[in-house]
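Work through the two exercises below with the coordinates open. Try each task before reading its solution.

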Amino acid sequence: MKIEWAPIGVPMERRRQTFAMAFLIFFCLTVSLGSYILVAALLIYGSLLWRTLVIIYLVYVYVDHRRTHSIMDGNGWTIIRNNWLFRHYRDYFPVQLVKTAELPPNKNYILASFPHGILGTGISINMGLDISKWLELFPQVRPKVATLDQNFLTPIGRGLLRAWGLVSVSKEALVYLLTKSNDPKHKDNRDGFTSNAVAILVGGAQEALDSHPGKYILTLKDRKGFVKMAIRTGSSIVPTFSFGEVDIIDQVANPPNSAVRRFQDFVKKFTGISPMIPVGRGIFNYTFGILPNRRRIVQVVGAPIDVIKSDQPDAAYVDKIHQQVIDDLEKMFAKYKAQYIPNVKQKKLIIH
């Protein structure tokens with residue numbers, strides 16, 4: 001295998017972007033894995049004082065999560081979600097945000113986001129790490145990104161997730177956010193924002209397993225929970241599509257019924273997480289590594305689909321709204337694919 005090395009004469013700005021990307025990827029991996037190792041080491045080898053402190057901390061994390069669902073109201077500290085590091089991370093790909101319709105701040109929203117890809121990078125940057133562009137396009141609407149509930153039981157890491165605007169995808173957390181008052185005079189809206197927009201990567205771990213460059217395969221036909229949540233809370237559904245999300249990194253081949261896929265399905269069944277072996281680039285080469293490639297990601301935010309609020313959603317009405325989401329996604333893909341996807345004639349949208 002011939003290795004393609006990064007040239008020495010790379011402009012300094014691109015080097016800074018690569019540094020920001022690599023730092024964040026390795027930092028997140030280190031925190032997510034290292035926090036468990038640190039806790040285990042302190043419990044096994046630490047003094048009585050350290051063991052006591054760790055146990056108190058773990059109890060606090062559990063109790064606080066049960067009580068508050070680990071939700072941080074508002075947008076948190078601006079510097080945490082809009083800074084030099086995250087702007088360079090955005091510019092590395094780059095990640096763009098396209099507005100096609102207004103999102104009035106007098107209601108709350110569920111952003112039905114596709115595709116998941118390996119990392120969910122587009123949605124995570126636009127609505128989590130670097131929200132400057134979002135706030136410019138959708139003023140007074142707080143951006144939030146929903147992720148697995150168990151992530152908020154991770155020692156140390158949970159604090160970072162909360163600071164970056166991530167919230168639990170649990171029913172309780174979503175109801176809490178989506179039933180917030182939209183009254184500008186309400187005490188919860190003293191920050192000048194009157195609306196919550198929660199992005200849900202509907203396809204989840206299953207959709208991630210189908211993620212390969214050039215393959216737009218969505219898991220949606222049997223995913224209706226987000227529609228029911230929207231109806232119960234009276235929240236509008238906003239279809240969003242991140243063109244290029246599947247192209248930034250590949251994974252080891254895992255066709256259906258292969259040994260790799262069977263193992264992934266087995267782990268996902270018990271953990272909710274799809275284990276993958278990423279195939280990307282390195283810091284100094286373009287041939288192999290676990291880092292994502294420079295590929296443009298464009299998140300297109302569609303028009304809101306209003307729903308009639310009901311505590312007991314009617315099955316026929318759920319199916320109607322669900323089909324409208326599918327139709328809007330297909331129209332969005334057909335309308336924008338030529339503009340945002342290279343070699344568009346070879347690309348098609350598949351919805352499972």
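The exercises cover a nonpolar core and one serine.

This is a predicted model: local features need pLDDT of at least 70, side-chain atom pairs count only at pLDDT 80 or more, and totals for chains, interfaces and linings use all residues. Residues are numbered from 1 along each chain as its sequence is written, and side-chain values use heavy atoms, with hydrogens and water left out.

**Exercise 1.** Find which residues touch the most other members of the largest nonpolar core.

Solution. 
- Buried means under 20% relative accessible area (1.4 Å probe, protein chains only).
- H11 gives the largest share, 10 residues.
- Look beyond: another core, of 38 residues, lies apart and includes Phe86 and Leu137.

**Exercise 2.** Determine whether Ser35 is buried or exposed, and what its side chain reaches.

Solution. 
- Locate Ser35: helix H1 (residues 12-45) holds this residue.
- Check area: at 3% relative accessible area, Ser35 is buried.
- List polar contacts (N or O pairs within 3.5 Å; within protein, one able to donate a hydrogen and the other to accept it; residues adjacent in sequence count only if both atoms are side-chain atoms). The Ser35 side chain reaches the backbone oxygen of Ser32 at 3.4 Å. A polar atom of that side chain lies 3.2 Å from the backbone oxygen of Pro155.

Note on methods. Core = buried A, V, L, I, M, F, W, Y, C linked by side-chain atoms within 4.5 Å. Buried < 20%, exposed > 50% of the residue type's maximum accessible area, 1.4 Å probe, protein only. Helix = DSSP H or I, 4+ residues; strand = E, 2+ residues; numbered from the N terminus.
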